[in-house]
Amino acid sequence: MVVSTPGPQHDAERPRLDRPALVALLLGIAGVGYRLVLTLLTVPGSNSDEATFGLAAVHIAAGREHPVFLYGQHYMGMVEAYLAAPLVAVAGPSWPVLRLPLLGLYALFLWLSYRLTRRLYSPWFATFVVGLLALGTERVVRDQLTVVGGRPEVKPAVLAMLLIAVALAQDRVRRRWAAIGLAGLLAGLALWSDWLIVPYLAVAGLLLLYAARRELLGWPGLLLLAGFALGVAPMVWDNLVAPPGMDSLSVLRQINASGGATPPWSPRLRGGLLEGVPLATGLCPVTGCARWQEWFGLLYPVLLAVAGLLALVAYRRTAGLPTARRVRPVAQLTLVAGAALTLLAYVRSPLAATDPLGNARYLSVLQLSLPAVLWPLWAAAVACWRGPVGAAGRLAGATATAVLAGLTAAAVVATGLFIAAVDAPRAEERQARELADAVRRTGLREVYGDYWTCNRLTFATGERVVCAVLDGALTPGQNRYRPYWRQVGRAERPGYVLQVDSPAERRLRRLLGERADAATLVEVAGYRVYHPPTAVRPWR
């Protein structure tokens, strides 16, 4: 007689990772580790836009400012600056410290993507999606790791909302009221952070309404509204006290109106689909897509339409079943609709045609719908290799397998090319540090410079050097943080940090005349630092 002794109860109940989850975990660790190395190396390189968020984090950490929107704007929320402020307070200002919270947001995005994809589709497909999201070209990584507002935080927020809605419909949530309130809070914070997420927020809200429509008629509905109001409160308050014409809607209307004549549909579709989609997906270098790399942009709307059709068919097949059984195809339709609305909004904008490379960042939220877009290919491939199909099915499955393999190979190659070229941004970052060190050694405290120099220099020196922005004619430029402009304006002998042979430097040398060489303190990293005996302010 064999007697077996059961192990401890807690060991029997401990959840274990199955094989797809374990592989996804390893791929996720590789993706996070890859981005951690890039963060420590400050790759992609920093710039003055990111420095403005960093300076806001410095001010928040010191209790000097509590900005709602990016300095000089009235529509880009400052969630990233508030996330970085505690680290800046402890470790001081630096680019890796500023970017570390975004690394955490990326890890959260990967985990939520896996959970949602596994819940809506299949385990191994969720693993495949994590593998693709772990890769990253400069365009993709820049949107994930650089602190320029919005996109890194809104994507996890939307995924969490979708998971909450699916869990509510499937009765997987113990504290349902708290989950509904959390969904409202996430929606409010996402709207404050970046208006680009509005299409996904709209469809996620509809999914939540479908999943918990009866509960939302009572107190949970009020809790949802209260959470949303709390999350969006900073934006609402700032707009209420803003001067006429300076509220968010007015500013956005002015920006859209200043774009000039709207280009025809053809260049906008080309810029949005053939350039924007492959760039945002990580198939092309940041310099643009070659003709052979544009194929996924052509295929994208087709896959989106097929994914929507499959979800509709699945929804019709579950007619008469409870909501718990029907929520999966509805959630799949949500991902399809979010991508379609985002892409439509982008190609309607002149930016899709006038500067498709620079504005492809606005399509980074399409990563939320990557599972929905690729699911028709995965389903066809699996059906071909696992089930009895005819010749047409074999051909379709083989084609789908080839497309998935080609997509993966293109993403791997594009990521490898980016890794091979990291020396260029690292060299540029070293030059920026050399410039900051050289300016500090001169003893200058207040200087003038161009836009792409000033806030970057101020952040790199921890505000030991304060820079005010001039344009090429040495007249006031885009000064996002007005106190810097006033501080430099009060200086009796401000310095000038100007690129060699730039229009601003040529103008300064003409004004100084024979004193130009005597006023030059140092030349470093393509810049000259001047300290004239008297202030040069031609606008006065």
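Analyst: The torsion about the S-S bond of Cys454 and Cys467 is about -50°, so this disulfide is left-handed. Its two sulfur atoms are 2.0 Å apart. Cys454 belongs to helix α21 (residues 451–460) and Cys467 to strand β2 (residues 466–469), so the bond ties together parts that are 13 residues apart in sequence. Both Cys454 and Cys467 are buried. The model is a predicted one, and the values here are computed from it.

A search of the whole structure turns up two disulfides. The other one joins Cys284 and Cys289, with the sulfur atoms 2.1 Å apart. Here the angle about the S-S bond is 105°, and the link is right-handed. Cys284 has 0% relative accessibility and therefore counts as buried. Cys289, at 11% relative accessibility, also counts as buried. With bonded cysteines counted along the chain, the pairing pattern is 1-2, 3-4. Cys384 is a further cysteine to note: it is buried, with a relative accessible area of 2%.

Thr52 lies in helix α3, which covers residues 48–62. The C-alpha atoms of Thr52 and Thr453 are separated by 11 Å, although these residues are 401 positions apart along the chain. The side chain of Thr52 makes a polar contact of 2.9 Å with the side chain of Asn455. The Thr52 side chain also reaches the backbone oxygen of Ser48, at 2.8 Å. Beyond neighbours within four places in sequence, Thr52 is in contact with Leu70, Tyr71, Asn455 and Arg480. Thr52 has a relative accessible area of 1%, so it is buried.

His59 is also in helix α3. With a relative accessible area of 0%, His59 is buried. Not counting residues up to four places away in sequence, His59 touches Arg64, Glu65, Tyr71, Glu463, Tyr481 and Tyr484.

Leu474 has a positive phi of about 60° although it is not a glycine. This residue sits in the loop between β2 and α22 (482–490). Leu474 has 0% relative accessibility and so counts as buried.

Thr42, not a glycine either, has a phi of about 55°. Its place is in the loop between α2 and α3, and at 5% relative accessibility Thr42 counts as buried. Pro44 is found in the loop between α2 (19–41) and α3. The peptide bond joining Val43 and Pro44 is cis, with omega about -5°.

Helix α13 spans residues 265–281 and helix α14 residues 295–317; their axes come within 7 Å and cross at roughly 95°. The two helices are therefore roughly perpendicular to each other. On the α13 side the contact is made by Leu273, Leu274, Val277, Pro278 and Thr281, which meet Phe296, Gly297, Leu298, Tyr300 and Pro301 of α14. By type, the residues of this contact are eight nonpolar and two polar, with no charged ones.

Two further places can be set beside these. Thr415 lies in helix α19 (residues 391–420). The side chain of Thr415 reaches the backbone oxygen of Ala411 at 2.8 Å. Thr415 touches Tyr34, Leu135, Gly136 and Thr137, leaving out residues up to four places away in sequence. With a relative accessible area of 5%, Thr415 is buried. In helix α7 (residues 138–145), seven of the eight residues are buried, so this helix is largely enclosed by the rest of the structure. The buried residues of α7 are Arg139, Val140, Val141, Arg142, Asp143, Gln144 and Leu145.

To return to the request: the link of Cys454 and Cys467 is left-handed, whereas that of Cys284 and Cys289 is right-handed.

Conventions
Residues are numbered from 1 along each chain as its sequence is written. This is a predicted model: local features need pLDDT of at least 70, side-chain atom pairs count only at pLDDT 80 or more; totals for chains, interfaces and linings use all residues. Side-chain values use heavy atoms; hydrogens and water are left out. Axes are lines fitted to C-alpha atoms, for helices over the stretch in contact, and angles run from 0 to 180 degrees between N-to-C directions. Helices (H or I, at least four residues) and strands (E, at least two) are DSSP runs, numbered from the N terminus. Angles under 35 degrees count as roughly parallel, over 145 as roughly antiparallel, 65 to 115 as roughly perpendicular and the rest as oblique. Contact means heavy atoms within 4.5 Å. Ala, Val, Leu, Ile, Met, Phe, Trp, Tyr, Cys and Pro count as nonpolar, Asp, Glu, Lys and Arg as charged, and the others, Gly among them, as polar. Buried means under 20% relative accessible area, exposed over 50%, partly exposed in between (1.4 Å probe, protein chains only). A polar contact is a pair of N or O atoms within 3.5 Å; within protein, one must be able to donate a hydrogen and the other to accept it, and residues adjacent in sequence count only if both atoms are side-chain atoms. A disulfide is a pair of cysteine sulfur atoms within 2.5 Å.
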